[in-house]
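Take the stops in any order you like.

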Amino acid sequence: MRGKIYWALLGALLLVTVLLFEAQKMRPVVAVLDVGQGSSMYVRSSDGYEVLIDSGSTRKVLRELSRYRPFWDRHIDAFIATHADGDHIGAFPDLLERLEIDLYIDNGQVRRGNGPFDAVAALRKNTEYFVPQPGQRLAFGQHLYIYFFFPYPELVENMGLNESSLVMKIVSDGISIMNSGDAPQSVEMYLAKTYGSELAADILLAGHHGSKTSTALEFLETVNPDYVVVSAGLDNSYGHPHPEVIKRIETFGAQILETAKEGSVEFRI
């Protein structure tokens with residue numbers, strides 16, 4: 001009898017330990033996930049709302065998400081696709097196998113790029129679907145807001161894939177981060193002139209994985225971040241981040257963090 005009681009108590013202790021460990025993942029966080037050569041960002045607010053922006057291209061996103069979400073949670077409030085490149089939405093089908101998504105957001109482009117279009121079409125049809133206009137703000141609870149700056153939905157079909165990336169600022173519990181997808185410098189310069197200080201953020205996700213086509217100095221100066229995060233694969237064939245971009249960020253004076261070197265980069269209050 002004593003042996004049974006001992007093992008029962010030990011099992012209960014282990015269960016409580018596991019539950020407490022998993023519960024720690026429910027703290028507010030802004031994380032740029034290490035998904036290799038791609039992009040994915042996870043945000044959880046202090047009142048429990050969760051948003052995932054892009055997915056990367058492989059199932060690696062599931063492993064990284066498990067670091068921030070308890071294993072029993074199969075629900076997420078919103079998924080936002082910046083644009084239809086495979087390195088931004090290629091893991092859609094894998095996510096849909098594991099998660100129920102309440103709201104799907106993208107730029108409204110029709111079957112362009114190299115993403116999983118069947119999954120995109122299913123989300124647009126079977127999930128609450130929203131295409132934002134520049135100047136709109138989306139609120140999740142009391143502590144998580146997303147401000148959209150670009151593009152105009154009526155123009156996206158005549159724009160290049162990267163050029164039509166959704167550009168947004170996420171503000172969660174006092175942390176602000178600018179995500180411009182793969183938008184090129186021409187878009188960045190337009191945004192800097194149009195919105196000015198409205199673009200200011202604590203963190204900037206380097207455009208196009210640190211490609212020299214993005215992260216213009218004027219855009220850096222307008223966003224004025226303390227940190228710039230580069231989401232790219234280690235020793236990738238594209239040469240991201242480009243030395244010219246690294247030098248530009250260093251000249252500006254922000255701290256550079258790379259998922260290829262740091263793993264997933266997280267910011268907590």
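Please keep in mind that the model is a predicted one. The side chain of R248 forms a salt bridge with that of E244, at 2.7 Å from N to O. Both residues belong to helix α8, 4 residues apart, or about one turn of the helix. E244 counts as partly exposed because its relative accessibility is 41%.

In total, the structure holds 13 salt bridges. Another of them brings together the side chains of K261 and E258, with 3.5 Å from N to O. Here K261 is exposed, with a relative accessible area of 64%, while E258 is buried at 13%.

## A buried pair and its network

E50 and R69 meet through their side chains in a salt bridge of 2.8 Å, N to O. This pair links distant parts of the chain, 19 residues apart: E50 sits in strand β3, and R69 in the loop between α2 and β4 (75-80). Both partners are buried. Salt bridges with shared partners join E50 and R69 with R44 and D73 into one network.

## Aromatic contacts

Turning to the rings, you will find 9 aromatic pairs in the structure. In one of these, the ring centres of F149 and Y195 are 4.8 Å apart and the planes stand at 75°, so the pair is edge-to-face. It links distant parts of the chain, with F149 in strand β8 (residues 144-150) and Y195 in helix α6 (residues 185-195), 46 residues apart. F149 counts as buried at 4% relative accessibility, and Y195 counts as buried at 13%.

Elsewhere, ring pairs link F79, F92, Y104 and Y129 into a cluster. A charged side chain also meets a ring: K169 lies over the face of Y147, at 5.9 Å from the ring centre.

## The two sides of helix α5

Which residues of helix α5 are buried? In this helix (residues 117-126), they are F117, A119, V120 and L123. Seen down the axis of α5, these buried residues fall within an arc of 160°, so they line one face of the helix. On the face turned away from that buried side, you will see the exposed residues D118, K125 and N126.

## Backbone details in the loops

Two cis peptide bonds deserve a look. One joins F150 and P151, with omega about 0°; P151 lies in the loop between β8 and β9 (167-172). Another joins H240 and P241, with omega about -5°, and P241 is placed in the loop between β12 (227-230) and α8 (243-252).

Positive phi values in residues other than glycine come next. D54 has phi near 65° and lies in the loop between β3 (50-53) and α2 (60-65). At 0% relative accessibility, D54 counts as buried. N224 has phi near 55° and lies in the loop between α7 (217-223) and β12. N224 counts as partly exposed, at 48% relative accessibility.

To finish, look at M26, F71 and W72, which make a nonpolar surface patch of about 330 Å². M26 is found in the loop between α1 (2-23) and β1 (29-32). With a relative accessibility of 42%, M26 counts as partly exposed.

Conventions. Residues numbered from 1 in each chain as written. Predicted model: local features only at pLDDT ≥ 70, side-chain atom pairs only at ≥ 80, totals over all residues. Heavy atoms only, no water. Patch = residues over 30% accessible without salt bridge, like charges linked within 9 Å, V, L, I, M, F, W, Y side chains within 5 Å. Areas by Shrake-Rupley, 256 points an atom, 1.4 Å probe, with all protein chains shown as cover. Salt bridge = Lys/Arg side-chain N within 4 Å of Asp/Glu carboxyl O. Buried < 20%, exposed > 50% of the residue type's maximum accessible area, 1.4 Å probe, protein only. Phe/Tyr/Trp six-rings, centres within 6.5 Å; stacked < 30°, edge-to-face > 60°. Lys NZ or Arg CZ within 6 Å of the ring centre and 35° of its normal. Arc of directions from axis to C-beta.
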